Amino acid sequence: MDELVTLFGGGGFLGRYVAQELLRSGARVRIAERNPLDTYFLKPLAALGQAQSLTADITNPDSLARAVQGADVVINLVGILKGKFDAVHVDGAKNAASAAAAAGAKRFIQLSAIGADPNAASAYGSSKGRGEQAVLAAFPNAHIIRPSILFGAEDQFVNKFAGMMAAAPILPVVRPDVKFQPAWVVDVARAIARVALSPDPAPAVLELGGPQILSMLELHKWIGEAIGRTPGLVPLPDGLSAGIARFGWLPGAPITWDQWLMLQRDNVVAPGTAGFSDVGIEPTPLAAVASQWLVRYRRAGRFSLNAAA
């Protein structure tokens, strides 16, 4: 292949897997980061001259023209979980899409999230929704990718709970009934790469959820079983967990107020929305791969009798 793909956010959790899938497909990949040193670990995955790292910041429009020059496809994966949401998710996304359009790119892919809605109560969900609108205004035929919670070896979700279970005999569970549809980061990366490089037209919006829908409490129980721990799981009443989130009643409160607002809605694929099957991918269950990295949370680590070979 001779496609040139500019990848904003290629050094992040999802970005490293997207870069790997693009490189495996033979595309040339230009990884644009605020600090290019954060992407150098990807160099060994590329053939000679196949990957390039350069400095760019989507919140600084003047830094983007060089990053997208000559690109066939531009992918924006940059996102934050706290901080200046509008600057990154709205203005930054618009800057990237506008630069891609000015450079004559054939495709633009914007990473959003399930629950993105300009009218969402959470600043995260609202900014993601308005970011989608800004992208489509600048690049009308852009592709929007909305994954559910991502899991993988470097994730800050499943690993976070596993670490807490390994350290504490009792674990409070916030919003025990809210539902998730966790997706393996590798599957999401493959979907993005297929949308970027396939000659066939892809759906304008993809919502990517795994094959299982789990409540927060069910997810906690599954993680405990996977690491051989049996902490006491204490579902918290909404009033108490809301107070913890808003006022920080406990040191190191497990969630922020904005995250609490996000947890008021299930994080699952909307009925009738295009998903993994529309790009030829069968999503991977959590249990099929998570033991590869969760084993480190077992009491005997890889020496546990139940550790994966």
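1. Let's start at arginine 130, which counts as partly exposed at 27% relative accessibility. Bear in mind that this is a predicted model. What does the side chain of arginine 130 meet in a salt bridge? The partner is aspartate 86, at 2.8 Å from N to O. Aspartate 86 sits in helix α3 (residues 85-103) and arginine 130 in helix α4 (residues 123-138), so this pair ties together parts that are 44 residues apart in sequence. Aspartate 86 is also partly exposed, at 36% relative accessibility.

2. Next, the loops. Arginine 265 and aspartate 117 bring their side chains together in a salt bridge of 3.9 Å, N to O. This pair links distant parts of the chain, 148 residues apart: arginine 265 is in the loop between α9 (257-262) and α10 (286-289), while aspartate 117 is in the loop between β5 (107-111) and α4. If you're looking at cut-offs, a salt bridge here needs the nitrogen within 4 Å of the carboxyl oxygen, so the 3.9 Å pair qualifies. On accessibility, arginine 265 comes out partly exposed with a relative accessible area of 46%, and aspartate 117 is partly exposed too, at 23%.

3. Helix α4 shows up again with glutamate 132. Its side chain meets that of arginine 146 in a salt bridge, 2.9 Å from N to O. Glutamate 132 belongs to helix α4 and arginine 146 to strand β6 (residues 143-147), so to speak two distant parts of the chain linked across 14 residues. Are these two residues buried or exposed? Both glutamate 132 and arginine 146 are buried.

4. Stepping back to the salt bridges as a set: a search of the whole structure turns up 10 of them. Some share partners, and in that way Glu21, Arg24, Asp187 and Arg190 are joined into one network. As for the charges in general, there are 28 positive and 25 negative ones, and their mean positions lie 5 Å apart.

5. One backbone value to look at is arginine 175. Most residues other than glycine have a negative phi. Arginine 175 is not a glycine, yet its phi is positive, at about 50 degrees. You'll find arginine 175 in the loop between β8 (170-173) and β9 (179-180). Is arginine 175 buried or exposed? At 16% relative accessibility, arginine 175 counts as buried; the cut-off for that is under 20%.

6. Glutamine 264 is placed in the loop between α9 and α10 and is partly exposed, at 35% relative accessibility.

7. The loop between α9 and α10 also holds threonine 284. Threonine 284 is buried, with a relative accessible area of 14%. Which residues does threonine 284 touch, leaving out those up to four places away in sequence? They are Phe151, Trp184, Asp187, Pro211 and Val289. Asp187 is one of the members of the salt-bridge network from point 4.

8. Now to arginine 296, in the segment after α11 (291-294). Arginine 296 is partly exposed at 45% relative accessibility. Not counting residues up to four places away in sequence, arginine 296 touches Ala153 and Asn159.

9. Finally, the overall picture. The protein has 11 helices and 13 strands. Its C-alpha trace spans about 55 × 45 × 40 Å along the principal axes. How does the radius of gyration fit a compact globule? With 309 residues, such a globule would have a value near 19 Å, and the protein has 20 Å, which agrees.

10. A few numbers on packing and surface to close. Of the 309 residues, 52% are buried. Among contacts between residues at least 6 apart in sequence, 75% join residues at least 24 apart. The accessible surface comes to about 14,200 Å², and carbon and sulfur atoms account for 54% of that.

Notes. Residues are numbered from 1 along each chain as its sequence is written. This is a predicted model: local features need pLDDT of at least 70, side-chain atom pairs count only at pLDDT 80 or more; totals for chains, interfaces and linings use all residues. Side-chain values use heavy atoms; hydrogens and water are left out. Helices (H or I, at least four residues) and strands (E, at least two) are DSSP runs, numbered from the N terminus. Buried means under 20% relative accessible area, exposed over 50%, partly exposed in between (1.4 Å probe, protein chains only). The radius of gyration is taken over C-alpha atoms; the globule rule is 2.2 Å times the number of residues to the power 0.38. Contact means heavy atoms within 4.5 Å. Accessible areas come from the Shrake-Rupley method with a 1.4 Å probe; for residues, only the protein chains shown count as cover. Lys and Arg count as positive and Asp and Glu as negative; His and the chain ends are not counted. The place of a charge is taken as NZ of Lys, CZ of Arg, CG of Asp or CD of Glu.
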